[in-house]
Amino acid sequence: MKPATDNIPHTINAAGVKEEARRLGFHACGLSSASEVDGSHTAFFDRWLDSGRHAGMQYMERYREIRHDPRLLMENTRTIVSVAMAYRPQKELAPHNPQIAWYAYGKDYHLLVGQRLRELLVRLQARYGTQLHGRAICDTAPLLERYWAWHAGLGWIGKHTQLVIPHAGSAFFLGELLLDAEADTYDTPLPNQCGQCNRCIEACPAQAIDGRNGLNANTCLSYLTIENRETTLSPQIAGQLRPYIYGCDRCLKACPHLKGAPATTETWFAPAEELFGMTGERWQQLSPEDYRRLFKDSAVKRAKYEGLMRNIATLSSSEDS
């Protein structure tokens, strides 16, 4: 890493950063001093990978050195700004129809969160000068985002391995802005408040959550219905899947902190009205053209048409059995 240059601002005001983040629609914002990830967290992450609990997500194995030290992502990184944007829907799909995970109701969050982070950088540059440099990240770089969100005081990492924001739960998209200037103050991590609560573990029909070893993607229904590229799903999975055809929100919805979660006001995350009328029969008849129209700019495209139809067929077979 190169030493800092004289052109970099001495400090940025943390309170001002948070105020700008709030104006841009972020529910929470915190700042961390950039450094190596704590050794206990890197050791846990390495054990998780080495035990194969990441299933077929081989990309998680790459860039371990960078994941362990975010300063390698951008020259002279001094500060990591962590943000959270709510996605709990104002209106849910009818419970008697097949379900998709809340986060995929609307358009792809990467686009909006990334855009808002870049806007945050522009606003900070307007205040401090264009000599302030930054990099916006939303699942677009090998960064341990939940660790840094915890480190910035946004919440803690729950037993279901998601970030839990106090009295708001985990229905949030996370993002980061790396800056090459120091802040006048930094936030401190929150203690884990899960205690003896095991609701998320008990809510998982696939028993994919282990409070000590983290999530096992090999059996996680979100992984199996989104990232998994197998052409068929086993009968055992079929029984666990109902009523989901994309993702699974059971552990998220079981968390008692979700009760205080705000519903999103972002129209970007609002589902197409057609989605509310999708019955099981209509899902089974979904054509490639319907798929492209219904999920234009949607995160559901991560599973591709073939994957979604595989999930729909699996759910249908479980209902017929």
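In helix α1 (14-23), the buried residues are Ala 14, Gly 16, Val 17, Glu 20 and Ala 21. Viewed down the axis of α1, these buried residues fall within an arc of 160°, so they line one face of the helix. The arc is taken from the directions from the helix axis to the C-beta atoms. On the other side of α1, Ala 15, Arg 22 and Arg 23 are exposed. Buried means under 20% relative accessible area, exposed means over 50%, and partly exposed is in between (1.4 Å probe, protein chains only). Helices (H or I, at least four residues) and strands (E, at least two) are DSSP runs, numbered from the N terminus.

This is a predicted model: local features need pLDDT of at least 70, side-chain atom pairs count only at pLDDT 80 or more, and totals for chains, interfaces and linings use all residues. Residues are numbered from 1 along each chain as its sequence is written, and side-chain values use heavy atoms, leaving out hydrogens and water.

What do the buried residues of α1 pack against? They pack against β1 (11-12), β2, β3 and α4. Contact here means heavy atoms within 4.5 Å. Just after α1, Gly 25 takes a positive phi of about 95°. Then comes His 27, in the loop between α1 and β2. His 27 is partly exposed, with a relative accessible area of 41%. Leaving aside neighbours within four places in sequence, its contacts include Ala 84, Phe 172 and Pro 262.

Now look at the core. In soluble globular proteins, nonpolar side chains tend to be buried together. A nonpolar core is a set of buried Ala, Val, Leu, Ile, Met, Phe, Trp, Tyr and Cys residues joined through side-chain atoms within 4.5 Å. The largest one here has 58 residues. Among the elements that give it two or more residues are α1, β2 and β3. Its largest share, 8 residues, comes from α4. Val 81 is one of the residues with the most contacts inside this core. Val 81 touches Val 17 and Leu 120, among others. A second, separate core of 50 residues includes Val 37, Met 57, Ile 209 and Leu 241.

Finally, the rings. The whole structure holds 11 aromatic pairs. Rings of Phe, Tyr and Trp (its six-membered ring) pair if their centres lie within 6.5 Å; planes under 30 degrees apart count as stacked, over 60 as edge-to-face and the rest as tilted. Phe 45 and Trp 48 have ring centres 6.2 Å apart and planes at 25°, so this pair is stacked. Both residues are buried.
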